[in-house]
Amino acid sequence: VDPPTLTLISRSPEETQEIGKALGTLASPGDLFLLVGELGAGKTCMTQGIAWGLGVNEYVRSPTFVMVTQYQGRMTLYHIDLYRLETMGELLDLGLEEYFHGRGCCVVEWADRGKATSPAEHLVVRLEHLSESARQVRIEGKGMRYAKYLDYLRALNKSHGTGH
Ligand SMILES: Nc1ncnc2c1ncn2[C@@H]1O[C@H](COP(=O)(O)OP(=O)(O)OP(=O)(O)O)[C@@H](O)[C@H]1O
Ligand SMILES: [Mg+2]
């Protein structure tokens, strides 16, 4: 059995968007993508790609004051950004369960801050700076539904010849 993790190297914002686009293309209702990584790691960049893969025609940005933004593609994308989250009470007030168990799919930036309410099954994407323009992208599927995503990305990676 293939391991449920995959490590890729992205050498540009476009490559990160490309990985996201593959995930968005594969996504089905109820999917949850948890993005983890420091400031500027590329979480929003990855979300832009996921949105395009879902058929969203807008450019995803990080709103300053709202933590949840909706986009319409072949299903609703809930873009949740927990950067400004400060307390457990605020997290609970967001009522994220409604989005997690709805008909759309969810992408969470700064997902490590929302662990307390995240469902056990999800796909984690960890982004780390390697240099100004390179990022390590570690993808881990928790739950059988994500195994095929990793297989697909693994195959895509082989044909593109990036990563390791
Ligand atoms: N390989 C790469 N992948 C993604 N972004 C890259 C890459 N190389 C350079 N960048 C740059 O890094 C920045 C990533 O910004 P982005 O807003 O996506 O990060 P973020 O993780 O969402 O940050 P924040 O925590 O502030 O929300 C962009 O300016 C982008 O152009
Ligand atoms: Mg961001």
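**Exercise 1. The magnesium site**

Identify the residues that coordinate the magnesium ion (ligand 2), and locate them in the chain.

Solution. In this predicted model, the magnesium ion (ligand 2) is coordinated by OG1 of T44 and OE of E109, at 2.1 to 2.2 Å. T44 belongs to helix 2 (residues 43-53) and E109 to strand 5 (residues 105-109), so the pair ties together parts that are 65 residues apart in sequence. As for accessibility, both T44 and E109 are buried.

**Exercise 2. A salt bridge between loops**

Determine which residue forms a salt bridge with D31, and state where the two partners lie.

Solution. A search of the whole structure finds two salt bridges. One of them joins D31 to R145, with 2.8 Å between the closest N and O atoms. This pair links distant parts of the chain, 114 residues apart: D31 is in the loop between helix 1 (13-26) and strand 2 (32-36), and R145 is in the loop between strand 7 (135-142) and helix 5 (147-160). The relative accessibility of D31 is 1%, so D31 counts as buried. R145, with a relative accessible area of 30%, is partly exposed.

**Exercise 3. A salt bridge within a helix**

Describe the salt bridge between R154 and D151, and classify the accessibility of each residue.

Solution. The side chains of R154 and D151 meet at an N to O distance of 3.1 Å. Because they are three residues apart in helix 5, R154 and D151 are separated by about one helical turn. A relative accessible area of 15% makes R154 buried, since the limit is under 20%. D151, at 38%, is partly exposed.

Technical notes:
Residues are numbered from 1 along each chain as its sequence is written. Chains are lettered from A and ligands numbered from 1 in the order in which they are written. This is a predicted model: local features need pLDDT of at least 70, side-chain atom pairs count only at pLDDT 80 or more; totals for chains, interfaces and linings use all residues. Side-chain values use heavy atoms; hydrogens and water are left out. Donors are N, O and S atoms within 2.8 Å of the metal (3.2 Å for Na, K and Ca); water is not among the atoms, so sites may look incomplete. Helices (H or I, at least four residues) and strands (E, at least two) are DSSP runs, numbered from the N terminus. Buried means under 20% relative accessible area, exposed over 50%, partly exposed in between (1.4 Å probe, protein chains only). A salt bridge is a side-chain nitrogen of Lys or Arg within 4 Å of a carboxyl oxygen of Asp or Glu.
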